[in-house]
Amino acid sequence: ALKSAELKERNLEIYYNGDRFLSGFQIECYAKPRKYWKYIGRYTPDFLILDRKDAKIHRVLIVETKGAGFAEQKSFQLRKTFIETEFIKMNNEKFGYEKFEFIYLPDDISVQENIRKLVSTVSTFFS
């Protein structure tokens, strides 16, 4: 994926973020099982792809990869749902444009299919 023309031509920055002790980019996640929101923990995405405008972060693509064993864990499923349904929506509304996007690349599909999915998302989101 790093060799993809879509990523190179757009001059995007790609960061490995998958170690919670490596980076400060973590998302506080919540679930609403009933009437009230409940804190369910921090989420540390694997990769961040950034686009800058006037030296400031303009857009962020949050990239998550998971092996089948980890993908089935309830804690991951709850955090993923929060990111997809609440975090992206609330933050994009706050900034007034599509600043954040999320993509999940599972290991139960081929590497080529994951690369195609990533390149397609990059092409659409950063256009």
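This is a predicted model: local features need pLDDT of at least 70, side-chain atom pairs count only at pLDDT 80 or more; totals for chains, interfaces and linings use all residues.
Figure 1. The protein chain carries 22 positive and 18 negative side chains, where Lys and Arg count as positive and Asp and Glu as negative, without His and the chain ends. The centres of the two sets lie 6 Å apart. Buried residues (under 20% relative accessible area, 1.4 Å probe, protein chains only) make up 39% of the 127 residues.

**Figure 2. Order of helices and strands.** The protein chain contains four helices and six strands, which are DSSP runs of at least four residues (H or I) and at least two residues (E), respectively. From the N terminus on, the elements run α-β-β-β-β-β-α-α-β-α. The C-alpha atoms fill a box of roughly 45 × 35 × 25 Å, taken along the principal axes.

Figure 3. D46 is found in the loop between β3 (38–43) and β4 (47–53). Leaving aside neighbours within four places in sequence, D46 is in contact (heavy atoms within 4.5 Å) with Y15, Y16, N17, G18, V63, E64 and T65.

**Notes.** Residues are numbered from 1 along each chain as its sequence is written, and side-chain values use heavy atoms, leaving out hydrogens and water. Local features need pLDDT of at least 70 and side-chain atom pairs count only at pLDDT 80 or more, whereas totals for chains, interfaces and linings use all residues.

Note on methods: Buried means under 20% relative accessible area, exposed over 50%, partly exposed in between (1.4 Å probe, protein chains only). The place of a charge is taken as NZ of Lys, CZ of Arg, CG of Asp or CD of Glu.
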